[in-house]
Amino acid sequence: MSSAKRPGTRQPGSHVADSHDLIRVHGARENNLKDVSIDIPKRRLTVFTGVSGSGKSSLVFNTIAAESQRLINETYSAFVQGFMPTLARPEVDVLDGLTTAIIVDQQRMGADPRSTVGTATDVNAMLRILFSRLGEPHIGPPSAYSFNTASVRASGAITVERGSKKAVKATFQRTGGMCTHCEGRGTVSDIDLTQLYDDSKSLAEGAFTIPGWKSDSQWTVQVYAQSGFVDPDKPIRDYTEQELRDFLYGEPVKVKVNGVNLTYEGLIPKIQKSFLAKDKEAMQPHIRAFVERAVTFTTCPECEGTRLSEGARSSKIGKISIADACAMEIRDLADWVRKLAEPSVAPLLTALRDTLDSFVEIGLGYLSLDRPAGTLSGGEAQRVKMIRHLGSSLTDTTYVFDEPTVGLHPHDIQRMNDLLLRLRDKGNTVLVVEHKPEAIAIADHVVDLGPGAGTAGGTVCFEGTVAQLRGSDTVTGRHLDDRAALKESVRKPTGALEIRDARTHNLQGVDVDVPLGVLCVVTGVAGSGKSSLIHGSVPAGADVVSVDQSPIKGSRRSNPATYTGLLDPIRKAFAKANGVKPALFSANSEGACPTCNGAGVIYTDLAMMAGVATPCEDCEGKRFQPAVLEYRFGGRDISEVLAMSVDRAEEFFGAGEARTPAAHKILQRLSDVGLGYLTLGQPLTTLSGGERQRLKLATHMGDKGGVYVLDEPTTGLHLADVEQLLGLLDRLVDAGKSVIVIEHHQAVMAHADWIIDLGPGAGHDGGRIVFEGTPADLVADRSTLTGEHLAAYVGA
């Protein structure tokens with residue numbers, strides 16, 4: 001299996017402490033794992049492979065890494081643990097030989113408007129100290145350079161309880177760097193009032209055009225109509241200046257409506273709290289469409305988007321302000337910091353230089369510190385998180401990575417491989433969940449899970465070296481050397497999408513015609529401007545369906561049936577067959593078991609100990625009231641339908657007395673993207689990253705649009721699944737759709753009808769079109785990095 005020795009089998013004369021060189025897992029049963037027992041060598045690079053949903057993340061993240069974190073948390077006092085997240089012990093019999101686990105996952109960084117690359121990596125904190133020491137004119141402490149800190153002034157009397165009490169006059173002042181106009185966001189929102197109401201109507205006539213605001217019974221509308229500040233029977237355009245000010249900007253105040261005390265506040269602050277404070281991606285489609293229609297975000301005119309106050313922008317080192325420093329590409333900023341020679345801040349400069357050099361080394365030198373953290377791709381976010389670990393002096397640590405090659409061009413994968421090997425060579429255990437053959441090739445040890453996904457997976461199919469994996473008969477072994485061939489003939493475009501003078505982010509006045517009616521792949525090294533070109537110039541609209549990398553939101557109450565809208569036709573079919581309301585067949589509504597409120601489990605909070613979830617005894621985990629389960633459709637109750645797999649449900653709703661065309665169509669799309677094994681009621685929280693991406697793709701396939709824009713659809717896909725994805729893309733194009741794919745995977749490039757390659761480098765070295773043409777022309781040309789790697793891939 002490996003040169004690693006089992007505990008207790010030590011060489012003569014070796015120390016007993018040197019015998020603990022394995023992580024032993026025995027009887028792991030998290031999610032779909034079926035009593036997995038495995039030994040993982042320490043201080044080696046182990047890669048976990050298998051089809052999407054085979055149990056890789058369940059073993060590596062939910063078992064090994066989760067137990068390591070839980071054990072570390074238990075070393076703190078009960079008082080401290082009360083402030084920490086509580087972690088339950090994974091479903092496993094024995095976990096032995098664990099070391100401290102550092103998880104570097106693909107979770108997108110917080111989309112808070114004030115979170116930037118600089119604040120997320122502590123580089124901004126170091127720059128603020130630097131400018132507070134060296135900046136001229138001196139404007140104050142580090143907080144004076146922070147766009148997250150507002151200036152505060154206060155004065156008054158305080159009572160000092162020392163001996164005899166006496167009042168003392170005190171003043172307090174804190175200088176912050178926040179721009180007062182945009183409050184540190186860099187943008188200001190402008191609300192189009194014509195999208196909120198029809199000013200020719202009165203409130204009583206239904207003037208509001210906001211989704212969900214109905215005049216007759218809606219409490220929100222009644223607050224305005226009965227507030228006494230405006231006349232509900234007068235058209236809005238006839239309001240006096242005072243009435244309009246109260247209507248739009250009134251301060252919160254208590255009013256009595258139908259005998260009930262409610263809070264009245266102006267329409268603009270109400271809209272800002274109700275709609276603008278929420279994540280747009282989490283909104284229902286019709287609400288999101290309203291927000292996009294009614295609200296425009298423009299660069300703050302006072303700080304010009306820098307988020308900083310005038311004082312913070314005026315303080316400079318040489319000719320550079322902190323706003324200038326944050327706007328630079330990080331590699332240019334590293335060069336600027338290197339030229340600073342000031343003995344008084346020497347330790348700070350050393351730390352700052354090291355961190356900035358880590359950005360460049362990891363291939364993120366093209367970013368700037370003022371880039372909003374929420375705009376980073378999954379791969380970029382993961383590499384940003386890696387930065388703090390690169391220079392770490394810690395050894396004998398377990399580093400856990402979730403597909404670190406995501407979002408990386410083949411040219412950049414070698415650099416990532418070198419970083420993983422460096423971490424291993426320092427004496428660390430490196431565990432990597434990965435699908436790319438280039439990353440699997442550097443493994444010391446490979447664990448292949450499968451053989452299938454979901455209930456068909458959860459077992460260890462293979463352990464050994466990469467060479468042994470190639471000779472094995474597992475799905476990964478058979479597909480490891482798969483190479484997609486170039487097409488013999490490509491489709492002819494039916495039209496073109498003209499993009500002219502595109503200058504989003506680093507694009508340098510790009511002019512390009514994106515062909516329609518074909519499979520067009522946009523590629524280039526990370527940071528070359530692919531997403532800027534496509535998402536910036538082809539906005540999702542009436543005819544464009546955009547499937548990006550943003551994660552799907554969902555609690556454990558959400559499942560594939562609720563997320564895709566499949567449950568609606570199923571509920572209606574049950575209701576029609578039984579002559580009752582559809583709401584009865586929702587575990588989140590009237591049909592929910594009253595004991596567990598439709599969750600299926602009862603949670604017991606044990607303070608700083610991990611909470612316990614036990615199946616509900618009344619509904620036996622079925623989530624519905626017993627009376628609801630007596631209603632049947634096609635011989636099945638609603639809980640039995642939710643327990644079906646997609647493939648089984650497709651048969652069930654496709655023919656016979658249970659035939660439901662609306663449900664069958666959605667199930668077909670789920671099956672098309674390779675999710676036939678999922679059960680309809682499986683909580684979204686248990687799905688892997690690849691499964692979530694495909695679930696999102698299946699949902700959008702039902703959208704009416706002629707152009708599909710897909711952002712790295714191979715993320716989280718096994719080599720065997722990529723073939724199925726290519727078949728799906730072909731079916732979309734053959735059905736008359738235009739498919740534009742932003743992708744690095746050579747199999748997708750080889751399968752394309754047309755390739756647009758951006759580069760030649762990243763950041764200001766990119767942003768130009770370096771090739772347009774067919775894959776065969778790109779391979780023959782070999783003038784770009786993509787061309788070289790694609791030629792090597794197809795063996796040309």
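Which residues of helix 6 (residues 241–249) are buried? The legends below take up this question after an overview of the chain.

**View 1. Overview of the predicted chain.** This is a predicted model, in which local features need pLDDT of at least 70 and side-chain atom pairs count only at pLDDT 80 or more, while totals for chains, interfaces and linings use all residues. Residues are numbered from 1 along each chain as its sequence is written, and side-chain values use heavy atoms, with hydrogens and water left out. The chain has 28 helices and 27 strands; these are DSSP runs numbered from the N terminus, helices being H or I of at least four residues and strands being E of at least two. Along the principal axes, the C-alpha atoms fill a box of roughly 85 × 80 × 70 Å. Of the 796 residues, 49% are buried, where buried means under 20% relative accessible area with a 1.4 Å probe and protein chains only. The accessible surface comes to about 36000 Å², 50% of it belonging to carbon and sulfur atoms; areas come from the Shrake-Rupley method with a 1.4 Å probe. Among contacts (heavy atoms within 4.5 Å) between residues at least 6 apart in sequence, 66% join residues at least 24 apart.

**View 2. Helix 6 and its cover.** The buried residues of helix 6 are E243, D246, F247 and L248. The elements that cover these residues include helix 5 (219–225), strand 10 (260–264) and helix 7 (267–276).

View 3. Three strands form an open sheet in the order 2-1-4, with antiparallel pairing; two strands pair if DSSP finds at least two bridges between them. Strand 2 (36–41) and strand 4 (94–96) are the edge strands, each pairing on one side only. On average, neighbouring strands of this sheet are turned by 10° against each other, direction ignored; the axes are lines fitted to C-alpha atoms, and angles run from 0 to 180 degrees between N-to-C directions. Strand 1 (residues 22–28) is joined to strand 4 by three bridges. The bridge partner of R24 in strand 4 is D96.

View 4. In strand 3 (residues 45–49), five of five residues are buried. In a regular strand the side chains alternate between the two faces of the sheet. Here both faces are covered, with L45, V47 and T49 buried on one side and T46 and F48 buried on the other. Four bridges join strand 3 to strand 15 (residues 429–433), and the two run parallel. Strand 3 also pairs in the parallel sense with strand 16 (residues 445–450), over four bridges. T46 has L431 as its bridge partner in strand 15 and stands opposite H445 in strand 16.

View 5. The whole structure contains zero disulfides, a disulfide being a pair of cysteine sulfur atoms within 2.5 Å. C182 is in no disulfide, and its nearest cysteine sulfur, that of C303, is 3.7 Å away. C303 is likewise in no disulfide, and its nearest cysteine sulfur, that of C300, is 3.7 Å away. C182 is buried, with a relative accessible area of 4%; for C303, also buried, the value is 1%.

How values were computed:
Buried means under 20% relative accessible area, exposed over 50%, partly exposed in between (1.4 Å probe, protein chains only).
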